[in-house]
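Please look over the sequence and the model shown below, then read the notes by topic.

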Amino acid sequence: MTINRRQFLLQSSATLAALATIKQRALAKALEITSIKDLYKDDFYIGTAIGDRQMHEANPKFMNLVAKEFNAVTMENSMKWERVHPRPGKWNWELADKFMDFADKHKMFKVGHVLVWHSQVPSWVFQDEAGKPLDKNALLARMRGHIGKIAGRYAGRMNSWDVVNEAIDEDKGWRKSPWFNIIGPDFMDYAFNFARETDSSAQLVYNDYNMHNPGKRAFLVDYIRKAKKRGVPIQGVGLQGHVGLDFPDISEFEASLKAYAAEGMRLHITELDLDVLPVAWEFSGAEISASFEYSDKINPYPNGLPAKVEQQLTDRYVEFFKLFLKYRDHIDRVTFWGVSDKNSWKNDFPVKGRTNYPLLFDRNFERKPCYDAIAKLKI
Ligand code: XIL
């Protein structure tokens, strides 16, 4: 049978379409059996954060998803001072212990978050019994006691500690927190030294948001250089990565990865999420005390994300993951700040009650297009 040119072209495009479908199906199948942690296993750990309630309930469906997709975990709140050590001498170990056991069972990289921070720390920490501000030595003793107890409990098991969180202001050097105000700028040295005397093996990390900011970058690089000369055991820098569709400028983010790596720091992306909602009042930090008034205007997608924005979210994630792959030799871990959009803190920060879409899994715990796109970079 002979066929004319038109029939030939029709047939070959049908064959191509069939092949494309087969390829799509094979890809979908490959994605189904594999997971993001396996695809990136030669590059860096892929982590997530587990909330208090999620750890408490330990819903098997949720925990299985975490174990399937991720090989690094952080507690979103339960190791913070106000949760684990709410009153002098009172320690809540239940959720933290449960977290460690779960992570050990699945051989995950365990991150302790966080030892010294100005947020989610009770005010008694900085006061004596009469409510008067502690002096430097008394606060140092308290810091050492806290670190000794929690880092000591998990010493030899914890893989990495966020030793100090958010100690640097964008353009003004040290944040004027009670730690800084009472102890002075060497509070950070002390925190790292106390962590090391307690746990000789965990990787010790400084963690912060807006790490692309040139002022923060320069200040931190200067601190690291001097601290290393003083023998301070800082080993890594955590870039939280609370990013948006159009902030930060990716080249500034890259400049920071490069600068911290050049100081010999291991890099951790510690709290990645991608905000798609309108920026509230030009605010782009993650200082958790910030809060702005709700209005429908700044909650434009309460019933689902328009395809165009979904695509922007996907493209932006791909842009970041290409960058992470470029620095794979320096990056130990990329951790998302949660699993599903349903439970993300970004629904309530910095404006309460919005509907945000920052993570890899949707509100039904299904993989989103951004998941597939990040996965495809490795297939
Ligand atoms: C957030 C949690 O996700 C929220 O559940 C909590 O209410 C406030 O803290 N930087 C950090 C994280 O280091 O600990 C913060 O986590 C987000 C900003």
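Helices (H or I, at least four residues) and strands (E, at least two) are DSSP runs, numbered from the N terminus. The model is a predicted one, in which local features need pLDDT of at least 70 and side-chain atom pairs count only at pLDDT 80 or more, while totals for chains, interfaces and linings use all residues. Residues are numbered from 1 along each chain as its sequence is written, and side-chain values use heavy atoms, with hydrogens and water left out.

**Backbone features**

- Alanine 58 lies in the loop between α3 and α4, and its phi is near 45 degrees, a positive value in a residue other than glycine.
- A cis peptide bond, with omega near 20 degrees, runs from histidine 113 to valine 114; valine 114 belongs to strand β3 (residues 109-116).
- The peptide bond from phenylalanine 349 to proline 350 is also cis, with omega near 0 degrees.
- Proline 350 is located in the loop between β11 (331-336) and α13.

**Histidine 56**

- Histidine 56 is placed in helix α3.
- Leaving aside residues up to four places away in sequence, histidine 56 touches Glu94, Leu95 and Lys98; contact means heavy atoms within 4.5 Å.

**The largest pocket**

- On a 1 Å grid over the protein atoms alone, a pocket is an open set of points where a 1.4 Å probe fits, with protein on both sides within 12 Å along at least five of seven lines; lining residues have an atom within 4 Å of a point.
- The largest pocket holds about 940 Å³ of space, where the volume is the space filled by probe spheres set on the points, and grid points are joined across faces, edges and corners.
- Its lining is made of 38 residues, and Gly51, Gln54, Glu76, Asn343 and Ser344 lie nearest the centre.
- The elements giving two or more residues to this lining are α3 (52-57) and α4 (60-69).
- The largest share, 6 residues, comes from α4.
- By class, the lining has 10 nonpolar, 13 polar and 15 charged residues; Ala, Val, Leu, Ile, Met, Phe, Trp, Tyr, Cys and Pro count as nonpolar, Asp, Glu, Lys and Arg as charged, and the others, Gly among them, as polar.

**Helix α12 with helix α13**

- Helix α12 (residues 307-326) packs with helix α13 (residues 369-376) at an angle of about 30 degrees, their axes being 9 Å apart; axes are lines fitted to C-alpha atoms, for helices over the stretch in contact, and angles run from 0 to 180 degrees between N-to-C directions.
- The two helices α12 and α13 are therefore roughly parallel, a term for angles under 35 degrees.
- The crossing of α12 and α13 is right-handed, that is, the near helix is turned clockwise from the far one by less than a right angle.
- Glu310, Leu313, Thr314, Tyr317, Val318 and Phe321 of α12 meet Pro369, Cys370, Ala373 and Ile374 of α13.
- This contact comprises 8 nonpolar, 1 polar and 1 charged residues.

**Helix α7 with helix α9**

- The axes of helix α7 (residues 136-153) and helix α9 (residues 187-198) come within 9 Å and cross at roughly 35 degrees, and the crossing is right-handed.
- Among the residues in contact are Leu140, Met143 and Ile147 of α7 and Phe187, Tyr190 and Phe194 of α9.
- The contact of α7 with α9 contains 9 nonpolar, 3 polar and 3 charged residues.

**Helix α10 with helix α11**

- Helix α10 (residues 214-229) and helix α11 (residues 250-262) have axes that come within 10 Å and cross at roughly 0 degrees, which makes α10 roughly parallel to α11.
- Pro214, Arg217, Leu220 and Val221 of α10 touch Glu252, Ala255, Ser256, Ala259 and Tyr260 of α11.

Notes: Parallel < 35°, antiparallel > 145°, perpendicular 65-115°, else oblique.
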